[in-house]
Amino acid sequence: MRLGEAYSFAVVSLDDWRDLWIHNPLWERLGNGWPIGWVLEAGGGEIVGSFSNVPSSYAFRGERLIAANSRGWVVAPPYRGLALLLLDEYFNQASADVCISTTAGPLAFGLLEHCAGRIPVGQWNKVSYWIAAHRVVAKQALVRRKLPFAGALAIPAGAALRLTDALSRKPLPTRNANVTVEALDGFDARFDAFWGELCRRRPETLLAVRDAATLSWHFSRPLRDGRLWILTASRNGRMLAYCICKRQPRSPLRAMRLVDYQTLGEDVDLLPDLLHAALEMSARDDVGVFENPGRDVPKMCGLDRCAPYVRTLDNWPFFYRAGDERLATELKRESAWDPSVFDGDASLE
């Protein structure tokens with residue numbers, strides 16, 4: 001934690017750090033046999049590098065696989081030549097069936113290119129987004145430019161930005177008249193039933209487990225902090241789709257991110273119904289931007305078509321490596337994946 005603070009790395013409280021491990025639904029099964037991470041130790045016992053290793057469960061072809069999710073890779077500058085030692089421990093561990101890294105920064109990008117493969121679905125260096133609260137975005141732009149009276153100037157600047165946005169924005173698809181969208185405050189038994197049916201329908205797809213217990217653990221921090229939206233789409237009382245959106249911590253724009261969208265409604269695209277609701281909630285709550293990382297993921301193509309803005313990241317963040325040769329061959333197929341920000345550690349904080 002001291003190392004992370006020294007280099008502006010996101011540091012969690014001790015209680016949150018414990019929750020990451022002991023409340024993980026896998027912990028009772030893995031327990032003492034799972035390495036929670038590795039450190040680089042210099043002379044005198046000083047910790048100069050750290051790499052955490054969070055386990056999660058996946059379903060694939062009727063089997064349960066264990067994924068390792070990289071987290072908190074930080075190394076003090078004088079020792080960064082040894083950073084590869086931590087990465088080597090992670091990717092060569094015997095504990096996991098597949099290793100996943102979804103938050104690789106620009107400095108780590110080159111190393112990961114040599115050690116792992118890019119996920120074969122989607123453009124993960126692209127982010128689609130909407131401006132939801134124009135005044136918030138305008139004020140932040142004025143603050144970055146160090147202009148005086150940014151708060152007052154944000155009102156007319158936001159109005160001008162709203163007008164420009166309205167004239168150029170692509171219309172959202174029409175909502176489905178027979179679908180009910182609801183906002184929930186937690187994950188209940190409906191998610192267990194949904195997960196069971198999703199597995200039955202998609203046995204050939206590598207899917208991170210999404211039962212109620214796992215979702216409650218994964219999103220415990222943003223749920224507790226009031227930073228999570230859980231939106232469901234139902235027909236005749238049956239949940240057919242859901243999306244999970246999480247407000248980014250430390251974001252001056254109060255950015256809300258679409259973390260996961262899952263659907264059983266194969267006859268109709270239910271994402272527009274959920275997207276309408278999410279954008280309305282964003283505007284109501286002064287969320288500056290609503291964003292979706294990744295483009296060209298098949299089930300998200302409707303969102304790609306109507307998103308008015310796209311930005312490009314400096315690096316590709318989404319990598320994986322399978323330990324078993326047979327599994328590695330299977331995961332080279334695009335059809336084996338249904339990726340989202342729920343994979344890896346990108347939505348854990």
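User: Which side chain does E330 meet in a salt bridge?
Analyst: E330 meets the side chain of R333, with 3.1 Å from N to O, where a salt bridge means a side-chain nitrogen of Lys or Arg within 4 Å of a carboxyl oxygen of Asp or Glu. Salt bridges that share partners also join these two with R61 and E204 into one network. Please keep in mind that this is a predicted model, in which local features need pLDDT of at least 70 and side-chain atom pairs count only at pLDDT 80 or more, while totals for chains, interfaces and linings use all residues. Residues are numbered from 1 along each chain as its sequence is written, and side-chain values use heavy atoms, with hydrogens and water left out.

User: Ok, and is E330 buried or exposed?
Analyst: E330 counts as buried, at 16% relative accessibility, whereas R333 is partly exposed at 29%. Buried means under 20% relative accessible area, exposed means over 50%, and partly exposed lies in between, using a 1.4 Å probe and protein chains only.

User: How many salt bridges are there in the whole structure?
Analyst: The search finds 25, and one of them pairs D338 with R202, whose closest N and O atoms are 3.1 Å apart.

User: What does the pair of D338 and R202 tie together?
Analyst: D338 lies in the segment after α13 (325-330) and R202 in the loop between α8 (189-201) and β8 (207-208), so the pair ties together parts that are 136 residues apart in sequence. Those helices (H or I, at least four residues) and strands (E, at least two) are DSSP runs, numbered from the N terminus. D338 is buried at 6%, and R202 is partly exposed at 26%.

User: New topic: how many disulfides does the count come to?
Analyst: The count comes to 0, with a disulfide taken as a pair of cysteine sulfur atoms within 2.5 Å. For C99, the nearest cysteine sulfur is that of C115, 11 Å away, and C99 itself is buried at 3% relative accessibility.

User: And what about C199, how far is its sulfur from the closest cysteine sulfur?
Analyst: The sulfur of C199 is 20 Å from that of C243, which is the closest and is too far for a bond. C199 is partly exposed, with a relative accessible area of 23%.
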